[in-house]
Amino acid sequence: MIKRIQEKEWAPYSMIPTENELMSEFNVSRTTIRQAVSILVQEGILEKKQGKGTIVKPQVFVGSLGKLKGFAEEALENGIFPSSKLLSVKTSREFRKEKSLLQVPLEEEVVVIERLRFANQTPVAIERTCWPYHIGRMLLHQDLNGANFYDILEEKNIVLKTANEKIKAINASLIEADLLGIRGGQALLQMERLSFGQENKPIEFTTTKFCSDNYQYFIELVR
């Protein structure tokens, strides 16, 4: 059963076969099937839905506070394959909040890139990055579906040193819910990150909205 899940034969959120089908497939008793399902539910691999059956739970994505990493870096460290789909890219004189945080004059443009982020082909987050134009323009001619922004900028000697993050709970809009394959109004975890480069100058402001049921943060505290 675990192999079926690992090989995506049973995809995240999909219903597993019925007890009778599993008994026939594996040639075991109903008791054995129920014990196996119970173990996988306890391990957080399967989830019982009242009145519906048993579904495959998506693998939880665990981010780590205290280290400045991009989505792809965190995914790979969790043993998850990351990918992206470009939603939009533009230059704009709007986004007053972002421009204020990035210390960009009102008359200047910023580069705004929106992507849908996937973990093992499951949509888990909507990400919008905002950059001062002189930095963001370096990304405009890249393949933004798969680009690792931090790697590209580091090749051009632009290195992120520190960042401030703010995390809060929000509810998904209908558009966000449609992109993430969830219900409108469902809880999301919103992370806002302002990153700084050399001489403590802000160079990136990112807003990422995560599905709360498959993303969590890990915080190590020391006394």
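Predicted model: local features only at pLDDT ≥ 70, side-chain atom pairs only at ≥ 80, totals over all residues.
Reader: What makes Thr129 count as buried?
Author: Buried means under 20% relative accessible area. Thr129 has a relative accessible area of 1%, so Thr129 is buried. This residue is found in strand β6, residues 122-132.

Reader: Which residues is Thr129 in contact with, leaving aside its neighbours within four places in sequence?
Author: Thr129 is in contact with Val111, Val112 and Ile113, with Phe149, and with Glu204, Phe205 and Thr206.

Reader: How do you know that the side chains of Thr129 and Trp131 make a polar contact?
Author: A polar contact needs a pair of N or O atoms within 3.5 Å. The contact joining the side chains of Thr129 and Trp131 is 3.1 Å, and the pair is therefore within that cut-off.

Reader: Why is the pair of Trp131 and Phe149 called edge-to-face?
Author: Two conditions apply. Ring centres must lie within 6.5 Å, and planes over 60 degrees apart count as edge-to-face. The ring centres of Trp131 and Phe149 are 5.9 Å apart and the planes stand at 85°, so the pair is edge-to-face. The count by this rule comes to 1 aromatic pair.

Reader: What parts does the pair of Trp131 and Phe149 tie together?
Author: Trp131 belongs to strand β6 and Phe149 to helix α7, so the pair ties together parts that are 18 residues apart in sequence. Trp131 and Phe149 are both buried.

Reader: What makes a set of residues a nonpolar core?
Author: The residues must be buried, come from a list of types that includes Leu, Ile, Phe and Trp, and be joined through side-chain atoms within 4.5 Å. The largest such core here has 14 residues, and those with the most contacts inside it are Ile113, Trp131, Ile135, Leu139, Leu144, Phe149 and Leu153. Two or more residues come from each of β5 (110-119) and α7 (149-155). The most come from α7, with 4 residues.

Reader: Which residues does Leu144 touch, not counting those up to four places away in sequence?
Author: Leu144 touches Leu86, Val89, Ile113, Arg115, Leu139 and Phe149.

Reader: How do you know that β1 and β2 are paired?
Author: Pairing requires at least two bridges. Strand β1 (residues 46-49) and strand β2 (residues 53-56) are joined by 4 bridges, and the strands run antiparallel. Within the pairing, Glu47 stands opposite Ile55 in β2. The two strands form a hairpin with 3 residues between them, and Gly51 in the turn has a positive phi of about 80°.

Key: Residues numbered from 1 in each chain as written. Heavy atoms only, no water. Buried < 20%, exposed > 50% of the residue type's maximum accessible area, 1.4 Å probe, protein only. Contact = heavy atoms within 4.5 Å. Polar contact = N/O pair within 3.5 Å; in protein donor to acceptor, adjacent residues only side chain to side chain. Phe/Tyr/Trp six-rings, centres within 6.5 Å; stacked < 30°, edge-to-face > 60°.
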